[in-house]
Amino acid sequence: MNSTSKIYFDKDKFNEYFLKHVFIPTVTNPEQNIYKNTLDPFSAKLDILVNSIKPQAWLAQEKVRQKQKTLQNKIGLLHQSIVGFFDGWDDLGKGGVIDVVNHERKIIAEIKNKFNTKTGQDRVDIYDALNNQLNQNFNNYIGYYVEILPKNQKSYNEVFTPSDNEKNNLKNKLINKYKKTANNQYLIKAESIEVNRKANENIRVIDGLSWYTLVSGDKNFIFDLYNKHIINAIKYSDEQTDHQYLSISLHDALKDNAIFDKFLNKAYFLD
């Protein structure tokens with residue numbers, strides 16, 4: 001399942017994508033109307049008073065937070081697009097059942113930014129979607145559910161067997177009925193219910209560090225992406241927009257690089 005050689009990554013296409021789809025939409029996004037989606041006055045007041053924030057400072061922070069949310073919404077699609085800049089990989093865009101495919105290596109994947117982006121029944125739906133695609137359109141392929149940011153810094157590439165909440169609830173109800181009535185039929189039926197989806201070696205869940213290693217053939221790619229490719233893309237975007245949007249230069253922003261290293265170290269367990 002793993003590639004033994006590095007796969008070419010088109011940095012120029014990545015820079016152009018970043019400029020058009022991440023940088024410009026973010027820096028030119030008009031100031032958010034913080035009242036548009038019904039500001040929670042209770043939360044706002046408590047935040048200001050309990051955390052000793054001046055109201056005007058809180059308003060400024062809230063505008064930044066909402067703009068940051070706009071950027072964060074682009075991150076999941078960013079990771080999908082990055083895969084498409086590797087030789088042999090196709091980014092299938094928005095709205096499809098799967099996000100990326102490599103026909104030569106026979107891999108399809110659904111990519112989410114964080115382990116808790118999808119929970120419970122949503123994870124079952126992802127399993128079912130991958131299973132259907134493997135059966136109908138991608139015979140003998142491997143289907144991956146990718147969690148770019150894993151829980152507790154874990155690395156994994158394992159069989160994906162999500163728990164079906166509906167079946168689990170039904171099973172618990174039957175067990176409770178058995179306890180109340182001592183009717184063995186309830187217990188027999190409960191024991192016949194498989195709560196987890198069937199294990200299939202070709203339906204897997206994988207963390208971001210392991211995923212990028214698999215895609216690129218380079219165990220260090222995620223570090224290069226974080227420390228080099230994204231920085232170069234910001235520099236390129238800044239140059240292409242005549243340095244009119246960054247209020248703090250990249251040189252100054254990166255002076256305290258230790259904090260950025262800490263961010264990455266807290267996301268992944270690094271040897």
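## Packing of α1 and α3

The crossing of helices α1 and α3 is right-handed. This is a feature of a predicted model.

On the α1 side, the contact is formed by Phe14, Tyr17, His21, Val22, Pro25, Thr26 and Val27. Helix α3 contributes Lys67, Leu71, Lys74, Leu77, Leu78, Ser81 and Ile82. Sorted by class, the residues in this contact are 9 nonpolar, 3 polar and 2 charged.

## Positive phi at Ala182

Ala182 is not a glycine, yet its phi is positive, at about 60 degrees. The residue sits in the loop that joins α5 (165-181) to α6 (184-191). Its relative accessibility is 57%, so Ala182 counts as exposed, the cut-off for exposed being over 50%.

## Positive phi at His243

A positive phi is also found at His243, again a residue other than glycine, with a value of about 55 degrees. His243 belongs to the loop between α8 (221-240) and α9 (250-253). With a relative accessible area of 53%, His243 is exposed.

Definitions and conventions:
Residues numbered from 1 in each chain as written. Predicted model: local features only at pLDDT ≥ 70, side-chain atom pairs only at ≥ 80, totals over all residues. Heavy atoms only, no water. Left-handed = near helix turned anticlockwise from the far one by under 90°. Helix = DSSP H or I, 4+ residues; strand = E, 2+ residues; numbered from the N terminus. Contact = heavy atoms within 4.5 Å. Nonpolar A, V, L, I, M, F, W, Y, C, P; charged D, E, K, R; others polar. Buried < 20%, exposed > 50% of the residue type's maximum accessible area, 1.4 Å probe, protein only.
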